[in-house]
Amino acid sequence: MQNENIISINEMLSLVCDNIEKAELEKNNKLLKSWKFVVSSIKSSGINGENLGANLYAHSRVIDLKNGILLVECDHPGWIQTLRLYQTYILTGLKRGVPEAKISSLAFKLRGTNAELHPQISDEKLKQELQEKLDKEEKVLSEFDKTAAPTAKASSPKPEMPENLRAILDKLKNDMMEAE
């Protein structure tokens with residue numbers, strides 16, 4: 001008895017793998033291999049000869065790459081801080097190893113947090129959003145201007161300075177002129 005709804009594992013894997021672009025997969029594999037090579041090549045400056053790079057690689061992993069920013073996840077804040085110390089070295093190595101990835105900076109997140117990279121907003125979309133906000137604020141201001149009554153200060157002329165204050169300021173001004 002053969003059920004027509006049952007498919008073989010081979011067919012299932014075929015269906016899943018058909019959606020994966022080979023070029024993208026190769027680029028990602030190259031990036032991951034380059035990450036491992038560069039990070040593992042970091043040597044400890046300590047006398048004990050500890051292989052710092054191997055530990056950094058073991059406690060970090062590449063999560064995402066968007067807009068030239070490589071998101072790296074670590075399992076402890078100390079590993080993030082250590083990776084930041086070697087950030088220039090890592091970026092140089094990745095740019096040499098995978099130039100087509102166009103990595104410009106590294107971003108770090110702690111494992112278990114929900115940090116992620118957002119897609120870049122186009123300039124046109126940003127301008128449109130800002131213009132909409134500006135229009136909305138101008139509308140609120142114009143409505144406020146219509147309802148606000150003019151204040152007494154705005155309509156009255158500037159009051160005269162008291163005579164004794166004027167005399168003090170004139171004396172100060174003359175003293176400053178003589179000191180020169």
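1. Let's start with lysine 109, which is buried at a relative accessible area of 10%; that is because buried here means under 20%. Keep in mind that this is a predicted model. Lysine 109 sits in strand β3, and its side chain reaches the backbone oxygen of threonine 113 at 2.8 Å.

2. Now for the core. The largest nonpolar core holds 21 residues, and the ones with the most contacts inside it are Trp35, Leu70, Leu83, Ile90 and Leu94. Two or more residues each come from α2 (22-40), α3 (52-58), β2 (69-74), α4 (77-85), α5 (87-97) and β3 (105-110). Of these, α2 gives the most, with four residues. As background, nonpolar side chains tend to be buried together in soluble globular proteins.

3. Tryptophan 35 deserves a look of its own. Setting aside residues up to four places away in sequence, tryptophan 35 touches Leu70, Leu83, Ile90 and Leu94, among others. The list of its partners also includes Val62 and Val72, along with Tyr57, Ser40 and Ser60.

4. On to serine 104, which you'll find in the loop between α5 and β3. Serine 104 counts as partly exposed because its relative accessibility is 45%. Once neighbours within four places in sequence are left out, its contacts are Asn67, Gly68, Leu91 and Lys95.

5. One of those contacts comes with a distance you can check yourself. Serine 104 and leucine 91 are 13 residues apart along the chain, and their C-alpha atoms are separated by 7.3 Å.

Key. Residues are numbered from 1 along each chain as its sequence is written. This is a predicted model: local features need pLDDT of at least 70, side-chain atom pairs count only at pLDDT 80 or more; totals for chains, interfaces and linings use all residues. Side-chain values use heavy atoms; hydrogens and water are left out. A nonpolar core is a set of buried Ala, Val, Leu, Ile, Met, Phe, Trp, Tyr and Cys residues joined through side-chain atoms within 4.5 Å. Buried means under 20% relative accessible area, exposed over 50%, partly exposed in between (1.4 Å probe, protein chains only). Contact means heavy atoms within 4.5 Å. A polar contact is a pair of N or O atoms within 3.5 Å; within protein, one must be able to donate a hydrogen and the other to accept it, and residues adjacent in sequence count only if both atoms are side-chain atoms.
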